[in-house]
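Subject: Structure handover

Hello,

Here is the structure for your files. My notes on it follow below.

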Amino acid sequence: MYITLEADYAVRILLYLYEQGKRCDAKTISEDTEVTLRFALKILRKLAAAGLVQSFKGFKGGYEVACPANQTTLYDVIQTIEGNCHISRCLDNEVGCNAGREATCRMRREFARITKILEQELKQVTFQKMLEGECPCAAAANA
């Protein structure tokens, strides 16, 4: 199971903006993160609509982060791009259980439990932790 490439790029773009600590134009963001300009612009619009980045027009326009790194989590970005994070479509209220057993299905209860754990873990990983190398992914990458 993977998050989409769009969500992966959104995390990459936002981390890049935090690392830069300044306003950056879309072309530079695209080049430095290795995300096509068109895709980067699509992602930046979504991040701006969610209030995670601010966009500025004009000669000195560009994008910059809207919140401190310790207040923005992986969950914020993934939910912005993906919507609600469910490990099974049966947990999606719009789809529901195709057998009509929402109240009695053991698999649904387990999927809901695991989804809650995943959400809690994503909410604990702030961009500040990633910048400082405090998240488990940094330790795993250095091992």
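I start at one helix end. D25 caps the N-terminal end of α2, with a side-chain oxygen 3.1 Å from the backbone nitrogen of K27. Polar contacts here are pairs of N or O atoms within 3.5 Å; within protein, one must be able to donate a hydrogen and the other to accept it, and residues adjacent in sequence count only if both atoms are side-chain atoms. Helices (H or I, at least four residues) and strands (E, at least two) are DSSP runs, numbered from the N terminus.

Some ground rules. This is a predicted model, in which local features need pLDDT of at least 70 and side-chain atom pairs count only at pLDDT 80 or more, while totals for chains, interfaces and linings use all residues. Residues are numbered from 1 along each chain as its sequence is written, and side-chain values use heavy atoms, with hydrogens and water left out.

**Overall**

The chain has seven helices and two strands. From the N terminus, the order is α-α-α-β-β-α-α-α-α. Of the 143 residues in the chain, 35% are buried. Buried means under 20% relative accessible area, exposed over 50%, and partly exposed in between (1.4 Å probe, protein chains only). The accessible surface of the chain is about 9,300 Å², and carbon and sulfur atoms account for 50% of that. Areas come from the Shrake-Rupley method with a 1.4 Å probe; for residues, only the protein chains shown count as cover. Take the contacts in the chain with a separation of 6 or more: 63% of them join residues 24 or more positions apart. Contact means heavy atoms within 4.5 Å.

**Helix α2**

α2 covers residues 26-33. Its buried residues are A26, I29, S30 and T33. Seen down the axis of α2, they fall within an arc of 100°, so they line one face of the helix. The arc is that of the directions from the helix axis to the C-beta atoms. In general, an α-helix has 3.6 residues a turn, so residues three or four places apart point the same way. The cover over the buried residues of α2 includes α1 (5-20), α3 (37-49) and β2.

T33 has a relative accessible area of 3%. Beyond its neighbours within four places in sequence, T33 touches R12, I13 and Y16. E34 follows α2 and has a positive phi, near 60°.

**Helix α1**

α1 has 16 residues. From first C-alpha to last it reaches 22 Å, close to the 22 Å expected at 1.5 Å a residue. The expected span is 1.5 Å times one less than the number of residues. Buried in α1 are E6, A7, Y9, A10, V11, I13, L14, Y16, L17 and Y18. What covers them includes α2, α3, β1 (53-56), β2, α4 and α6 (127-132). Just after α1, G21 takes a positive phi of about 65°.

Y9 sits in α1. It is buried, at 15% relative accessible area. Leaving aside neighbours within four places in sequence, Y9 is in contact with V35, F39 and I43. Y9 and E34 are 25 residues apart along the chain, and their C-alpha atoms are separated by 9.0 Å.

**T72**

T72 lies in the loop between β2 (62-65) and α4. T72 counts as buried, at 0% relative accessibility. Its side chain makes a polar contact with the side chain of Y18, at 2.8 Å.

**Helix α5**

α5 (residues 106-124) has 19 residues. It reaches 28 Å from first C-alpha to last, close to the 27 Å expected at 1.5 Å a residue. The buried residues of α5 are R108, T115, E119 and L122. Seen down the axis of α5, they fall within an arc of 65°, so they line one face of the helix. α4 (74-82) is included in what covers them. On the other side of α5, R106 and K116 are exposed.

**Cysteines**

How many disulfides does the structure hold? Zero, with a disulfide taken as a pair of cysteine sulfur atoms within 2.5 Å. C24 is buried, at 5% relative accessible area. C105 also counts as buried, at 19% relative accessibility.

Regards
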